[in-house]
Structure formats: structure tokens, C-alpha cells
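I opened a new notebook page for this chain.

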Amino acid sequence: MTDGQTNKTLHAFLWSFIEKAGLQGIQFFISIVLARLLLPEQYGLIGMLVVFLAVSQSFLDSGFGSALIQKQNANHVDECSIFYFNIVVGFIAAGILCLLAPAIARFYNEPQLKSLTMFLSLNIVVNSFGLIQATILTKQLDFKTQAKISIFTVILSGPVGIVLAYNGFGVWSLAIQQVCSNAIRTVLLWVFCVWRPSLTFSFSALRQLFAYGSRLLASGLLDRVFENIYSVIIGKLFTAASLGHYSRALSLQQLPASVLTDIVSRVTFPLFSGMQYEYDQLKNVFRKVLTSLAYINFPVFVGLAVVAKPLVVVLLTDKWLPCVPFLQLLAILGLMYPLHAIHLNMLKALGRSDLFFRLEVIKKIFIAVVIAITWRYGISAMIIGQVLLSFVAYYLNSYYTAQLIYYSFFEQIKDLISPVLLSGMMGIIVYSVNYLPFINNFILLGIQILAGFISYLFLSYCFKPFAYRTLMEIIYKKRKLNEALTSGG
């Protein structure tokens, strides 16, 4: 990349990180307060609806938005056509969800779910009015504006849920908070984004985007269904409290996982799309992103698995202890999330939504087989199946990357060995802290986090893996560029 591209990419990563880290940090604080006020079974009720809401939402944010980002010469007619199409789809999806509400309640044998489903369907309609603005900001790599919007949204909507939970609204405090959050975010997107629709619509524009976007839409639907299929099965076969424990463990795992994965997805897709015909440069950039992600992501999740028990006790109290083994297994699963994301973004950026869809179908067949084998052995066995499947999925994702940019699976594994070994050594050091005498879990957790941070930095300095050298090089270039700009000014 040129210095200008590097600087723009660094700013995109920085502001996307500020948005996601700030957003997740505030949401994390709010979720901790809510978890102390609410019961696991109340979270379980919301968890039962996740798949239905996610599938409905995927009709909006899968396919055409990505097609708009990938298309190099997209114009205002394309944008307006997608905007109006999203609104129509939003009302249709919400209407279907309302019609299905009684059946969903009967499926889980939970009468409350009928009214909850109908109320939460408002999210689909509200979100449809702001998706094109969010897509345009992403295409422009304007994550600074999105950071402001997201953080303001959480600051304004979070207290609503806390006040309602404190006053005994139970599961409705979570539902009302969700709708308020989406409504506030949509309003802020209109306030901060200068784009406005005009009275123009073109079926021809939609048809041009359909060939690329339809496959991503189908892939998105598959992904949303199977991403949440575990919640459906756990909610159906086990108790609401068991689903609540699983959902809480999943939310703790997704705090770091979603930050990195969302940043990677949002930044690398437009970045890769901008150099989609420069294969040598793509391979070089892809390798640096892959190794840097592993260098950052692996120690986070190894550490999360090791400190799971004191973390849950300190943050959520003893009533959530059953979620600890789920969290430890899900932490292993979280190792791979961002790595999957950049492989799939490479296929999208190169316009190969056909390969993207083919991969998703293959992986979903594997998921169905794994669920059929593991469900009878309990929730932990189902998660272990997910973990094993994640490693298989990485090989499948990397197969096409190897074909398109000539970066083979074995080259990738070789590049990933260093962060794996460093994270493993750090994990052993952090785990050994358990054998020292401590007064309480709070002190134990603090010492373990500090020991992990210091030991990983020390090991990195001693062994200097490729990702460490890459990050140091980027920081050095950034500093030299700032010095040049300052001296020039």
C-alpha cells in the first residue's frame, strides 16, 4: 500500500475500533447491570427469538448493501433504489414476523413470546430507514461518524433498560431497550449523514446489483439461521434458564469477538474492493492483516478461557456460575472469528459471491450434521462440535483464497504458528496464577489480567514474530508521516 492508503486504512481501523470498543464497553457495563437485576430465564426468552429477528434483519443488511460497496461506479439512482427497496422489505418482513408470533409462542410453549415477537418486529421497520446511510459511511471508510452515532445511541438507550429492569419490567426491559436503541441510531444516521433520497427508483439498477447481492443475501440468510440455530435448539430442548446461561456466555465471548470481527469486516471489504485487480498487493496486504489479527485475537481468547470463572463471579455474581464451562469452550471458538471474516471479505471484494454462497452452503450442511450428532449429549457437547467445525471451516475458507491470490493454506498455518505458541505460553503463565494465595476473586482476576498482558508483550519482544514486526513497522511509518506533516506545516 502507498503511504496515503496506509494512513487512510489506519484511520479507518482506529475509528472503527473506537466505535466498536467504546460501544461494546458501554454496552458491556449496561449488560452487567441488567444481568444483576434480571434472571437467566428472562434472558432465555429473548434468546429464543434471536434467530427469527436475525433472519428478518438479514433481508435488509445482506446483499444489496454489500453490492453497493463492491460496485466501483455506484450512483445516486442505485442508492435510492436500494433505500426504497429496503423500506418495503422491512415492512413485509415485520408483517410476516407478526403473523408467525403465535406459532413461535406455541413452538417454545412460552405464551409471553407472542407479544414480545410482535413488539420486537418494530426493529426491522426502524432499521430499514437507516441502512443505506450506514452503507455509504462504510464505503467512504467514515467510521469516525459511525463511532459517534453508535456511542450516542448506547448512552441514550442504555439507561432506559436499566430503569425499567430496576422497576420490575423483567424481560420487557430488554425488549424496550432494543427498540429504543434502533430508533435512536436511525435518527442519528439521518442527522450525521448528508445523504438524502430523491424521488427516483430504478428496477434496472436493482437488477444489476441483484446478481452479486442475491447470493450474499442467500448466504446471509443461511448464516443467520445457523448462527442462531443453537439458541433455537437449546430453547426447545432445555430450560429457559439453560438458554439464559448459554446466551450470557455467548455475549461475554462476543464482546471481544464482535469488536475485532466487525472492524475487520467493515474495513477490509472496502479496502480489498479498492485493489481487487492488484493480486500481488492483495496477497501482501491480506497476509499482514491475517497475522496481525491472529497476534491480537489469540491471546485475548486464550486469556478469556483461563480467567472465565473469576470473571463471571466478579461481574455477574454466583447465580451465573453455570455459564462458566460454556464460556471457556466458546472462547476457543472465538479464536477463529476474525480470520473467517477476512477470507470471506476477500471473496466478496473480488466479486466472487458465487464462491461465497457455495462455501456457506457446504459449511451449513456440516453444521446440521454436527448438531444431529451432539445435541443428545448436552450443551457443552454442542459447543465442542462448533469448535471442531470452526477449524474445518477455516480450511474451506482458505482453499479459495489460495486459488485467487496464491496464498496457500500451509503458508497461512506457518504464519499463524507464532501467535499460537506465544498465546499458549501466556495462557500457561496466567493459569499458574491460580496456585498463588489470594483473598478473593476480584484480586485474582486483576492479577491474572496483568500477568497476561505483561507476559505477552515480553514474549513478543523476545521472539519478534512477523505480526509484531508488521505492527511495529506500521506504527513507525505512521509516526514518520505525522512528523513529516508537522514539519511541513
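I counted 21 helices and zero strands in the chain. Helices (H or I, at least four residues) and strands (E, at least two) are DSSP runs, numbered from the N terminus. The model is predicted: local features need pLDDT of at least 70, side-chain atom pairs count only at pLDDT 80 or more, and totals for chains, interfaces and linings use all residues. Residues are numbered from 1 along each chain as its sequence is written, and side-chain values use heavy atoms, with hydrogens and water left out.

**Whole chain.** I looked up burial next. Of the 489 residues, 53% count as buried. Buried means under 20% relative accessible area, exposed over 50%, partly exposed in between (1.4 Å probe, protein chains only).

**Nonpolar patch.** Phe 152, Ile 155, Leu 156, Val 187, Val 191 and Phe 192 make a nonpolar surface patch of about 560 Å². Helix 8 (143-166) and helix 9 (171-192) each supply at least two of the patch residues. I checked Val 187, which sits in helix 9. Val 187 counts as exposed because its relative accessibility is 51%.

**Helix pair.** The axes of helix 7 (residues 131-139) and helix 8 come within 8 Å and cross at roughly 140°. That makes helix 7 oblique to helix 8. Axes are lines fitted to C-alpha atoms, for helices over the stretch in contact, and angles run from 0 to 180 degrees between N-to-C directions. Angles under 35 degrees count as roughly parallel, over 145 as roughly antiparallel, 65 to 115 as roughly perpendicular and the rest as oblique. I noted contacts (heavy atoms within 4.5 Å) from Ala 134, Leu 137 and Thr 138 of helix 7 to residues of helix 8, including Phe 143 and Ile 149.

Note on methods
Patches are made of residues with over 30% relative accessible area and no salt bridge: like charges are joined within 9 Å, nonpolar side chains (Val, Leu, Ile, Met, Phe, Trp, Tyr) within 5 Å. Accessible areas come from the Shrake-Rupley method with a 1.4 Å probe; for residues, only the protein chains shown count as cover. A salt bridge is a side-chain nitrogen of Lys or Arg within 4 Å of a carboxyl oxygen of Asp or Glu.
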